[in-house]
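The following explanation is intended to be read alongside the sequence and the coordinates. Please keep both in view.

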Amino acid sequence: MGYVMTWIHDISSTIVSLGYPGVFIAMVLEGLGLPFPGDAFLAFYGYAVSESQMNGIAVLCIGSLGYFAGVSIIFWMVRKFGSPVLNPLYRIHILNPARVEHTSALITRYSALVLIPGRFLPGIRSLSTYAASFVGMPYSTFTSYTIVGSVLWCGMWIGLGFWFGENVQTLLKHVQSTLMWVTIVIVLLALLVFVIRRLQSSSRSGQ
C-alpha cells in the first residue's frame, strides 16, 4: 500500500500541469478506484476556472468522461476476470473483501441510491463499481446511474472550488470528513436493516 501511495503522490505532482488532459487522467485514476484525491483535483480545477485559467463546462465534461472511462474499465475487468482482478487488490489492501460484500448487498437492494448519491461518499464511491459488476448489474443500468452520479459529483466539487477559491483546502478537510461519517452511518444503518430482516425471516421460518 505504501508503494501505491508513493506512486499516486508522484503522478499527482505532474498531472496538474497538463491542463485539460490532466483532468481526464486524474478522473480515470479516480474511476479505477485507486487511493487518488479526485475530490481535491476537481476542487483545484474549479479554482482554476474561477481564475479564468480553464473553462468550467470543458472541465465538467472532460472530468465526467474521464471518470466514466475509469469505472467502465473496472466494470468490464471484474465482469470478465473476476477473482484474478479482485484478489491482488485485496492483498495490497486497496479493496476490503467485507466492504465489497456489504456494498454489493446495498447495490442489490438500492442500486440507484448507491450509484448516484453514493458517488459523493468516499467509502462507497471507490467500491461501488467493483460491487456493481460483481453482482451482475446490466451495463446499461450501470451506465445510466453512473453518468448521472458522476456529472453531479464532478459539478459539485468544481463548484466548491470555484466559489471557495483559495480557501478550498480548508473546505476539503471539513467536507471530506463529513462525507466519511455520512458513509459510515449509511453502511451501519444498511447492516442494521439487513440483520433485522434476517432475524425476522428466521423467526417466521421457525414458526
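The paragraphs below treat a helix pair, a loop residue and the annotated segments in turn.

The model is predicted, so that local features require pLDDT of at least 70 and side-chain atom pairs count only at pLDDT 80 or more, while totals for chains, interfaces and linings use all residues. Residues are numbered from 1 along each chain as its sequence is written, and side-chain values use heavy atoms, with hydrogens and water left out.

Helices here are DSSP runs of H or I of at least four residues, numbered from the N terminus. Helix H8 spans residues 139-164 and packs against H3 at an angle of about 50°, the axes lying 6 Å apart; axes are lines fitted to C-alpha atoms over the stretch in contact, and angles run from 0 to 180 degrees between N-to-C directions. The two helices, H3 and H8, are therefore oblique to each other, a class left over once angles under 35 degrees (roughly parallel), over 145 (roughly antiparallel) and 65 to 115 (roughly perpendicular) are set aside.

Helix H3 covers residues 38-50, and the loop between H3 and helix H4 (56-81) contains Ser-52. Although Ser-52 is not a glycine, its phi is positive, at about 60°. Ser-52 counts as exposed because its relative accessibility is 67%, the cut-off for exposed being over 50% (1.4 Å probe, protein chains only).

An unreviewed UniProt entry lists residues 20-45, 57-78, 142-165 and 177-196 as "transmembrane region"; such annotations may be inferred rather than shown by experiment. Residues 57-78 are 100% helix, with end C-alpha atoms 32 Å apart. Residues 20-45 are 77% helix and 0% strand, and their end C-alpha atoms are 9 Å apart.

Definitions and conventions: Buried means under 20% relative accessible area, exposed over 50%, partly exposed in between (1.4 Å probe, protein chains only).
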